[in-house]
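Please keep the sequence and the 3D view side by side while reading. The paragraphs below go through the structure one part at a time.

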Amino acid sequence: MKSTNEFLIPFIGLKLGKHQFEFKIEKKFFDEYQFDEFESCNVAVTVVLEKKTTMLEINFKHLGTVNVPCDLTGEPFDLPIKGKIKLVVQFGDEFNNDNDELLILPHGEHQVDLSQYIYEMIVLSVPHKRIHPGVKDGTLQTEALQKLNELQVKEIKEEKKEDDIDPRWDKLKQLLTDK
């Protein structure tokens, strides 16, 4: 994905201390990553960057909803999500982002791109099994459920009573008891 200027934070001109940034994440953000599991997205991300003399500490928090299909019914619903991550940025000889919680930037760098961390934070906060709240409380009404109710068998046939037993079986039972 190409970096957009919206998520590039130029830390070189910031004073020491805490600085807060707000981002509104929508479906267009995930389209750039070619991630299509969300029908729509409305997530507010708060980033607090604390600049220190030799490093940066960045705290990410997000809260919002993503529209996803239910794993059981296939019906789309708004799933509330929230989460937070912490990132420490240090300076070294070369770029290194192998560690999830530590980012090493080259000494001459003057900005940090937060888009990948925001993407991962939101995607990882969605549970593996997504169940529509209507399924849990039994209030979900869908076309598929209505059609199944229409096709449901209304009458259950009664089992044959002993009077309706074939008389040949009675003769066989007598052979067992005549010994």
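A residue is called buried when its relative accessible area is under 20%, exposed when the value is over 50%, and partly exposed in between. Lys52 is therefore partly exposed, because its relative accessibility is 31%. The model shown here is a predicted one.

Start with the sheet. Five strands make up an open sheet, and their order across it is β2-β3-β4-β5-β6, with mixed pairing. At the edges are β2, residues 17-26, and β6, residues 102-106, each of which pairs on one side only. On average, and with direction ignored, neighbouring strands of this sheet are turned by 20 degrees against each other.

Now follow the pairs from one side of the sheet. Strands β2 and β3 run antiparallel and are joined by ten bridges. Within it, Met55 has Gln90 of β5 as its bridge partner.

Strand β3, residues 40-51, has two faces. The covered face carries Cys41, Val43, Val45, Val47, Leu49 and Lys51. On the uncovered face are Ser40, Asn42, Ala44, Thr46, Val48 and Glu50.

The next topic is charge. Side chains of opposite charge can pair when their charged atoms come close. How many salt bridges does the count come to? The count is five. In one of them, the side chains of Lys52 and Glu57 meet with 3.0 Å from N to O. Glu57 has a relative accessible area of 14%, so Glu57 is buried, whereas Lys52 is partly exposed.

Another salt bridge is formed by Arg130 and Asp71, with their closest N and O atoms 3.6 Å apart. This pair links distant parts of the chain: Arg130 is in the loop between α2 and α3, Asp71 is in the loop between β4 and β5, and 59 residues separate them. Arg130 counts as buried because its relative accessible area is 12%; Asp71, at 39%, is partly exposed. A further salt bridge joins Asp166 and Arg168, whose closest N and O atoms are 2.6 Å apart. Salt bridges that share partners also join Glu37, Asp71 and Arg130 into one network.

The loop between α2 (115-124) and α3 (133-137) also holds His132. Is His132 buried or exposed? Its relative accessibility is 15%, so His132 counts as buried. Leaving aside residues up to four places away in sequence, His132 touches Cys70, Glu75, Pro76, Phe77 and Leu140.

Finally, turn to the surface. Ile165, Trp169, Leu172 and Leu175 make a nonpolar surface patch of about 410 Å². Leu175 belongs to helix α5, residues 167-177. With a relative accessibility of 58%, Leu175 counts as exposed.

Conventions. Residues are numbered from 1 along each chain as its sequence is written. This is a predicted model: local features need pLDDT of at least 70, side-chain atom pairs count only at pLDDT 80 or more; totals for chains, interfaces and linings use all residues. Side-chain values use heavy atoms; hydrogens and water are left out. Two strands pair if DSSP finds at least two bridges between them. Helices (H or I, at least four residues) and strands (E, at least two) are DSSP runs, numbered from the N terminus. Axes are lines fitted to C-alpha atoms, for helices over the stretch in contact, and angles run from 0 to 180 degrees between N-to-C directions. Buried means under 20% relative accessible area, exposed over 50%, partly exposed in between (1.4 Å probe, protein chains only). Contact means heavy atoms within 4.5 Å. Patches are made of residues with over 30% relative accessible area and no salt bridge: like charges are joined within 9 Å, nonpolar side chains (Val, Leu, Ile, Met, Phe, Trp, Tyr) within 5 Å. Accessible areas come from the Shrake-Rupley method with a 1.4 Å probe; for residues, only the protein chains shown count as cover. A salt bridge is a side-chain nitrogen of Lys or Arg within 4 Å of a carboxyl oxygen of Asp or Glu.
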